[in-house]
There are 2 protein chains.
Amino acid sequence: MTTRDDNFSTQEYQRRIGKTRRAMEAAGLEAIVVSDPSNMSWISGYDGWSFYVFQAVILRQEGEPIWWGRAMDANGAARTVFMQNDASIRGYDDTYVQNPDKHPMENLASLLQELDLTQARIGVEMDNYYYSAAAHAALLAKLPQAELRNATGLVNWQRAVKSEQEIIYMRRAARIVEAMHARILELAEPGMPKNHLIAEIYATGIRGAKGHWGDYPAIVPMAPSGLDATAPHLTWDDTPMKTGEATFFEIAGAHRRYQCPQSRTLFLGEAPRKYRDAEAAVLDAIEAGLEQAKPGNQAQDIANAFNATLNKAGFEKDSRCGYAIGLSYPPDWGERTISFRRGDTTVLEAGMTFHFMPALWLDDGGLEITEPILITETGHECLCNTPRSLWVKT
Amino acid sequence: MTTRDDNFSTQEYQRRIGKTRRAMEAAGLEAIVVSDPSNMSWISGYDGWSFYVFQAVILRQEGEPIWWGRAMDANGAARTVFMQNDASIRGYDDTYVQNPDKHPMENLASLLQELDLTQARIGVEMDNYYYSAAAHAALLAKLPQAELRNATGLVNWQRAVKSEQEIIYMRRAARIVEAMHARILELAEPGMPKNHLIAEIYATGIRGAKGHWGDYPAIVPMAPSGLDATAPHLTWDDTPMKTGEATFFEIAGAHRRYQCPQSRTLFLGEAPRKYRDAEAAVLDAIEAGLEQAKPGNQAQDIANAFNATLNKAGFEKDSRCGYAIGLSYPPDWGERTISFRRGDTTVLEAGMTFHFMPALWLDDGGLEITEPILITETGHECLCNTPRSLWVKT
């Protein structure tokens, strides 16, 4: 949120809504209930850490979107959404909050009734963190004549190609993650407790870069060392960094909720041959993957080129090597649409943004050297200028 | 996670499992599928930021709990769970991740089949962020003969009374949030961009206090000023702090995932009469509420005493004024069980911990002066020593 300027013009929200309505029409939906906070924000501008209670944006084929949530958060909605009409913000009373005797979805059902949607085909994001099995059951029970259809990803897919303003924010987030990595390289040394380094990473990211403030990343900084780095999603404690160990830093800069993740790996001391070999293989494989990153190619082309080159060098990676990025809220900074992996035939278009994430987990550590990229009219652009290598401090 | 010492002894996990099994038995459940990351951690020790993909701990009446998740995260499980048996960690391959063509729950169904639970009564946490409507549908489809019952909150309720070791971690988190508030009082001043102050709050919290490292809070620091503070869940931007404005700081210290939230409000410049009146009312109402915070009383007794005193002074608060706290992961630092509000008849017991959260939102700002508390054998203890008043810097 910002008290000083809106993140996007009303025209941009109207374009997004138009796009979404066409997708709804193609799916035969008269309305959608959007529970994913990043989709809610993309459609309405809403921004707040209130997604731990049930909330949604309701979009029909006509009229303004309607923000629906806890009454306490209606003020936050009024201060962040583009809609001007008071009737476009609807709050439910606090007795619905975390109360097993009543479910907020009963209140949403009343609102949908009021909107004359009791017999409508309504899309719901069935596979979203913020749309639980119980929420669905409560909504179904109160709207027995409506047809609730699975619309998971419907809005996410509309977000794949970024607008000019979105790309501006992604670039600012890129400057921020560059600054975070520079700070790591400056400070990390044997004996430094990991949490002290994480504190500096956080502070650098939130201060921002080049005059642009830092927002919170949708995932905390991940920075495991040594054997812990064989596991990609462990967080920190106060273990001091050690000579002879690699640490990977999987972090994101964020600006106005736009996320630019990038990873680098730092070896303290002389890097052993195995790490140097892995570095060489990954750098070659990144080049091979990036060559395929252009409009008209498919998402899997990047993964296939990357994997072929990696395999030739004797390494293997059995997980996806990239995903779409943009506006996001915890617990994931990806858009949960396109993946760089075999079988993903999505055609790349100019304006799409991805985290090309060719991480390798070795038997005694991890190597992550990754690139956030923008697909351009003619190929791609790496959003960051962070030096692309295994970093070594001796 | 920690590479140096376990957070809890195996005996403590066994006690927790015993408690949970008795609750399962009372509910007629042969097994539970635990998706809530805080419940997973409480039962098994698992810790990692991997909850953006589907994962669970399966607990039966016999045998070790089984950690189930993405294959990539199995190493992280091996490094954090108390279970020693390799068969207690089960990973699914990466093609299940964010792939609309197959759902990880199909893999979980196979595991439950292998465990001979195809015809069992299985508890699932239907109203949890990490158990979506689609997850439930996918599991049901593959286990047509099982009876999936709603077990939302079953594990959460077992966590209400804290062990000695848990209270040690809560106290460390309390020292951390005290240090964060002290830093705010030291640094905040007119002209300071809000994100710079947030950067310092984060860094202080993660560095930790009294020799104990800081973990990530389950909610980001919230620190809205002026009119933004009429909305409780807005986050920050770079707007400079201003003379004549109140800012509330709703923040938590965290240690080994245990969360100690506490809020204070800072007025820059002379606080107007309205704020002083609100402060006096809230402080009196806190005293009245705390008097009721003792074993044998009900949760609602605190709320009723608080509200009666507040109303006498001419103020009203229509939302709950507290909730259970402990081990937590985003997006919520509460335990989602007990609330301080009329109608919550939960009987307080020694060892329970709460965030007594008597926030007031005024027409032009917010006033939050809150206390994390521990119910003791004879009454209660405030976990923090942070000065309890409206803070003013002129």
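This briefing describes two interfaces, one between chain B and chain A and one between the two domains of chain A. The model is a predicted one. Between chain B and chain A, about 6,700 Å² is buried, while about 1,300 Å² is buried between domain 1 and domain 2 of chain A.

**Interface of chain B and chain A: extent**

- In the contact between the two chains, 74 residues of chain B take part, and they meet 74 residues of chain A.
- Carbon and sulfur atoms account for 56% of the area of about 6,700 Å² that chain B and chain A bury between them.

**Interface of chain B and chain A: polar and charged pairs**

- There are 4 salt bridges between chain B and chain A, and one of the salt bridges joins the side chains of B:D228 and A:R79, with an N to O distance of 2.5 Å.
- Residue pairs in polar contact between chain B and chain A number 46, counting pairs in which both residues are at pLDDT 80 or more.

- On the side of chain B that touches chain A, the elements that give two or more residues are α3 (71-80), α5 (133-142) and α8 (194-207) of chain B.
- Of these elements, α8(B) gives the most to that side of chain B, with 9 residues.
- Sorted by class, the side of chain B that touches chain A comprises 34 nonpolar, 22 polar and 18 charged residues.

**Domains of chain A: layout and contact**

- Chain A is divided into domain 1, covering 10-158, and domain 2, covering 164-393, and the centres of these two domains, taken over C-alpha atoms, are separated by 33 Å.
- Where the domains of chain A meet, 17 residues of domain 1 are in contact with 16 residues of domain 2.
- Of the area of about 1,300 Å² buried between domain 1 and domain 2 of chain A, carbon and sulfur atoms give 58%.

**Domains of chain A: pairs, elements and composition**

- Across the interface of domain 1 and domain 2 of chain A there are 2 salt bridges, and A:D36 forms a salt bridge with A:R336 in which the closest N and O atoms are 2.5 Å apart.
- Between the two domains of chain A, 5 residue pairs are in polar contact, with both residues at pLDDT 80 or more.
- The side of domain 1 of chain A that touches domain 2 draws two or more residues from each of α1 (10-26), α2 (37-44) and α6 (154-158) of chain A, and α2(A) gives the most to this side, with 4 residues.
- The residues on this side of domain 1 of chain A divide into 8 nonpolar, 5 polar and 4 charged.

Key
Residues numbered from 1 in each chain as written. Chains lettered and ligands numbered in written order. Predicted model: local features only at pLDDT ≥ 70, side-chain atom pairs only at ≥ 80, totals over all residues. Heavy atoms only, no water. Contact = heavy atoms within 4.5 Å. Buried area = accessible area lost by both parts, 1.4 Å probe. Polar contact = N/O pair within 3.5 Å; in protein donor to acceptor, adjacent residues only side chain to side chain. Nonpolar A, V, L, I, M, F, W, Y, C, P; charged D, E, K, R; others polar. Domains from an automatic or database assignment.
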